[in-house]
Amino acid sequence: MELQEFIGKFAEQFDNTDANEFKADTEFKALDEWSSLYALTIIAMVDDEYDITLKGDDIRNSETIEDLYKVVKSKK
Amino acid sequence: MAFLEFKNVRIVGISAAVPKKVVKLRSRNSGYSDEEYSNSVGVKETHVDDSFTTSDLCYYAAEKLITDLKWEKSEIDAIIFVSQFPDYILPATSPILQDRLGLSTECYAADVSLGCSGWVYGLSLISGLCNGSIKKALLMAGDARRMQDQKDPLFGYAGTVTAVEFSGGNNGFDFHFGSDGSGYDAIIIPDGGARNQFTAESLKVHADDDGISRNSLQSYIKGMDVFSFAITTAPKSIKKLAGKHSLDLKSVDYLILHQANKQINAKIAKKLDFEQDRVPESLTNYGNTSSASIPLTIVTGIGKRLQNESKRFIACGFGVGLSWGSVFFELDHCFISSLVEV
């Protein structure tokens, strides 16, 4: 599992934010398009793609996409 | 490994009652529009009217079903009432329903406090009771008059009745159950019970982690935790049940899921390889109706056509507790009453 691949899959979940805006250090909760509904979409994506169950706190305690990537990786 | 099997028992009829009054879904958060919210959770409207308690709705549904089935009230030997919104803290609501329905004072009556998993749990209890000495029984399940007004727009009111009968030779029900109380606060009304008794403080409004303001008599939901619990636990429970009984899920006509949220249910169905037409829903027009959601979905999503057919079902309830249960059963010429709107 690679960081770039994770960022790509993360970006795919968003309709109105340009894919180029998603970087390892992007603070995803600060994105204009972000809402708590996207948290569910991200949990679903991680479950689908990596077979990992994220908890609410995993999202809450992650600031950047890389933070979340590390959480997913640690649960692998 | 909570697997259970009850033979010689079957469901002969199902009914449901909802308030006539329809409430359109409104977003509770300024971060997204009403429409975005509605599309995401899958609820367009709910039926909500504080003139009715859960037991009122179950009463109307029971009167309708008893009439439709032409049951004699004197033959009904047991009722179980599943709800998290009983009429009083005490007494239990089931004896009140026994009296209101004019059932015999020899009737076995008990309440069960479970939510989303409640119909499946209640069905196991009532099928365990229908062993021959008890022949006809009613499982009543639902929630209404929640202490929450507009704060939880996803929840609709409904009361349902499932008529269960001793039936020699019938295949009955195969169940799988689970509980995880470590998630007790994932969905919780913190105050008003014995742990945190009601005080003036209980009415103070606080903002939760998602920025939604509620008082301590209204339900708090950790949405993300409930979501991840549901999309993982429900499919696992159903797979365990199918594995235990060497049941091919392709041979199941309908998967009836607790109506939690569109994304959750779509994920569960996808994981189990059920196409949309085998997964009826009631979420769009009735919202999340807690323990009523499975029978309400059968009444509104499949309905009358079950009367002349035999169909195989898997139903799964999951949520508050945390608690979950799955059941496999057949409905053979089962009477489905038309929806009661009061």
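Analyst: On a 1 Å grid over the protein atoms alone, a cavity is a set of points where a 1.4 Å probe fits but cannot get out, while a pocket is an open set with protein on both sides within 12 Å along at least five of seven lines; lining residues have an atom within 4 Å of a point. Bear in mind that this is a predicted model: local features need pLDDT of at least 70, side-chain atom pairs count only at pLDDT 80 or more, and totals for chains, interfaces and linings use all residues. Residues are numbered from 1 along each chain as its sequence is written, and side-chain values use heavy atoms, with hydrogens and water left out.

User: Which residues lie nearest the centre of the second largest pocket?

Analyst: They are Leu37(A), Tyr38(A), Thr41(A), Glu36(B) and Ser40(B), out of 20 lining residues. Two or more lining residues come from each of α2 of chain A and α1 (34-41) and α6 of chain B. Those helices are DSSP runs (H or I, at least four residues), numbered from the N terminus.

User: What makes residues of α2(A) and α6(B) "meet"?

Analyst: Contact means heavy atoms within 4.5 Å. Among the residues that meet are Leu37(A) and Asp47(A) in α2(A), and Gln263(B) and Lys267(B) in α6(B).

User: What makes the pair of Phe6(A) and Phe10(A) tilted?

Analyst: Rings of Phe, Tyr and Trp (its six-membered ring) pair if their centres lie within 6.5 Å; planes under 30 degrees apart count as stacked, over 60 as edge-to-face and the rest as tilted. By that rule there are 21 aromatic pairs over all chains. Phe6(A) and Phe10(A) are 6.3 Å centre to centre with 50 degrees between the planes, hence a tilted pair. Both lie in helix α1 (residues 3-12) of chain A, 4 residues apart, about one turn of the helix.

User: Where is Pro91(B)?

Analyst: Pro91(B) sits in the loop between β5 (76-82) and α3 (93-100) of chain B. A cis peptide bond joins Leu90(B) to Pro91(B), with omega about 5 degrees.

Technical notes. Chains are lettered from A and ligands numbered from 1 in the order in which they are written.
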